[in-house]
Amino acid sequence: MKCRALNVGTMTEPLLNVQDLTVSLRSPPAPVLEGITFDLAPGEAIGILGQSGAGKTTLARALLGLLSPGLWAVEGCIRFGKIDIIGAAEHRLQTIRGAQISLVFQEPELTLNPVLTIGRQVDEVLKAHSGSNRTRRREEALSMLAAVGLEPEIVRAYPHQLSGGQRQRVAIAQALISKPKVLIADEPTSALDNVTQAGILELLMRLRKAFGLALLFITHNPALLSGLADRIVVMLQGRMVEAGVFEQICCKPKHPYTRSLFDSLLPVPARLEQSEATLTIPLEEQPAR
Amino acid sequence: MSLEKHGVTVPAPELCPPLLELRRLSKCYLRGGWPSARVVVKALDNIHLTLRDSSVLAIVGKSGSGKSTLARCLVFLERPNSGELRFEGIDVLSLNKNGLKAIRTKIQLVFQQPATAMNPLLSALDIVAEPLLIQHISKRESCERALAALEEVDIDRASVGRKPLDFSGGQRQRIAIARALILQPKLLVLDEPFSGLDLITQTQIVDLLARLRTSLAMTFLLISHDLCMAAHLADTIAVIESGRIVESGTVASLLSHPWRKETRELVDSIPELLLDPRQIVTRRPAATF
């Protein structure tokens with residue numbers, strides 16, 4: 001099979017096994033994903049890299065069984081442990097979503113409920129997946145919010161009172177509170193500025209180690225995968241064009257599309273122009289005329 | 001290089017009057033209200049800027065630093081509470097409605113999200129021709145000039161009849177740029193023109209703006225949170241934080257010797273491939289910028 005050649009091989013028993021996944025729109029019939037094949041091992045981080053429209057978000061939704069059967073035709077195999085996600089009943093999927101596999105969406109302002117406090121929204125996830133009492137759940141929520149770098153007072157705040165970075169930290173806390181084995185992060189920093197983005201990436205790296213998480217990080221920017229992803233899957237128009245160890249692909253991309261993705265990373269001018277540089281004078285210290 | 005008393009210095013002939021001058025510009029908003037007390041938020045605090053003809057100045061800062069408020073003040077969508085705003089030596093804030101209308105054609109703004117800045121019911125051609133029709137230019141001439149402007153930004157003639165939502169994010173941004181250029185403005189204000197776009201498209205828009213700058217001898221005021229993208233277009237960068245310009249300088253000096261903590265944060269947060277540069281075989285040559 002064509003896609004097998006691009007399979008990302010793993011040494012350990014895979015946690016998530018995706019085999020020849022094909023997803024099409026039913027009306028009008030149009031393929032969105034074709035022959036996606038990869039394995040995700042426990043504690044491993046895979047970067048899914050591609051431009052807008054490559055099918056990255058559809059892949060994330062398919063992995064959680066979120067594609068409505070009335071609109072989408074899903075074929076192939078998505079195996080999480082012994083469970084086949086594609087054929088699983090809705091009540092079975094509900095025990096996996098959020099509890100075993102969690103998803104952090106692109107825009108937290110659209111995923112957080114604007115009329116509920118942060119504390120209530122984090123508690124909702126625990127209520128759905130754990131049998132703990134209210135006091136225990138509150139302790140767990142505060143502990144998870146602290147783990148993502150948020151103060152306890154935030155439980156009384158509403159989403160509109162938080163910055164973009166804080167909202168994304170809440171979304172990550174919600175995703176991790178049930179201690180899932182797999183975290184899918186779908187462009188979690190695309191709506192954030194660079195400084196906030198750096199903070200969220202650092203947080204994900206730290207939490208991945210602390211919780212032994214397997215991470216599927218979806219992005220259009222290869223630089224974000226640097227130091228984060230062990231392996232990458234490059235997607236173009238719903239197909240895998242290249243897959244393998246991040247450093248190898250970064251240094252020697254085989255497919256022209258992968259090369260163009262890495263080529264579009266603009267070099268940081270200062271690194272190359274330092275010799276020409278002169279001192280910058282802060283405004284208050286600039287000499288008066 | 002000479003230094004202004006405050007604010008940004010753009011290298012330019014001394015005799016040439018500045019295209020745009022901002023002196024002690026401040027803008028406040030009232031936030032909150034019943035049942036809590038109203039709070040005055042200083043969105044812009046004592047801004048000093050000077051922008052000379054055919055130069056590119058980038059205003060870089062985190063989310064919430066006042067970048068978009070500044071852009072809206074520059075195109076008279078917001079009225080500053082105090083300070084001076086001079087365009088070609090004219091005190092813009094003292095002008096009446098008719099005076100402002102005449103100046104508006106010379107300063108154009110490209111909004112952050114082109115999808116929400118365009119009428120979804122109009123075709124790309126009608127969107128670009130609309131500013132000319134408002135200026136009472138004949139329909140035939142408007143259409144001809146709109147076609148030429150769309151070709152200039154690489155939108156082919158075959159697709160000019162399509163509606164904005166039928167275009168990709170990058171194409172919509174090109175249409176927004178064509179609409180802004182159709183009145184041949186002297187100053188183009190670009191408010192986060194790369195946000196919401198994938199990396200390849202971002203690089204294409206950087207290339208397009210660089211080409212337009214050269215071919216049309218344009219003056220740009222670029223607003224962005226991405227210091228790297230800004231550095232590839234701008235001559236000078238000013239860093240804004242909590243409504244104040246905290247540091248400014250040439251691209252090389254600011255990136256290689258950031259003085260202020262806020263600037264260092266922005267420089268450090270530029271995503272980069274953390275690999276041995278000798279291993280990276282496919283990178284854009286340094287000569288391209």
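Student: What makes E2-E1-E4-E5 of chain B an open sheet, and which way do its strands pair?

Tutor: In this predicted model, the sheet has four strands in the order E2-E1-E4-E5, with antiparallel pairing. Strands are DSSP runs of E, at least two residues, and helices are runs of H or I, at least four, numbered from the N terminus. Strand E2 (39-51) and strand E5 (90-91) of chain B each have a single partner strand, so one side of each lacks a neighbour in the sheet.

Student: How do you know that strand E4 of chain B pairs with E5(B)?

Tutor: Pairing needs at least two DSSP bridges between the strands. Two bridges join E4(B) (residues 82-87) to E5(B), therefore they count as paired. Phe87(B) stands opposite Ile90(B).

Student: What packs on this sheet?

Tutor: Helix H1 (residues 67-74) of chain B does, touching strand E1 (20-31) and E2 of chain B. Its direction makes about 65 degrees with that of E2(B). Axes are lines fitted to C-alpha atoms, for helices over the stretch in contact, and angles run from 0 to 180 degrees between N-to-C directions. Contact means C-beta atoms, placed from the backbone, within 7 Å.

Student: Why are residues of helix H3 of chain B called buried, and which are they?

Tutor: A buried residue has 20 or more other C-beta atoms within 10 Å of its own; 12 or fewer means exposed, and in between is partly exposed. In H3(B) (residues 124-134), the buried ones include Leu125(B), Ile127(B) and Val128(B). Their cover includes helix H4 (139-152) and helix H5 (169-181) of chain B.

Student: How are residues and chains labelled, and what confidence is required?

Tutor: Residues count from 1 along each chain as its sequence is written; chains are lettered from A and ligands numbered from 1, in written order. Local features need pLDDT of at least 70 and side-chain atom pairs 80 or more, while totals for chains, interfaces and linings use all residues.

Terms used:
Contact = placed C-beta atoms within 7 Å.
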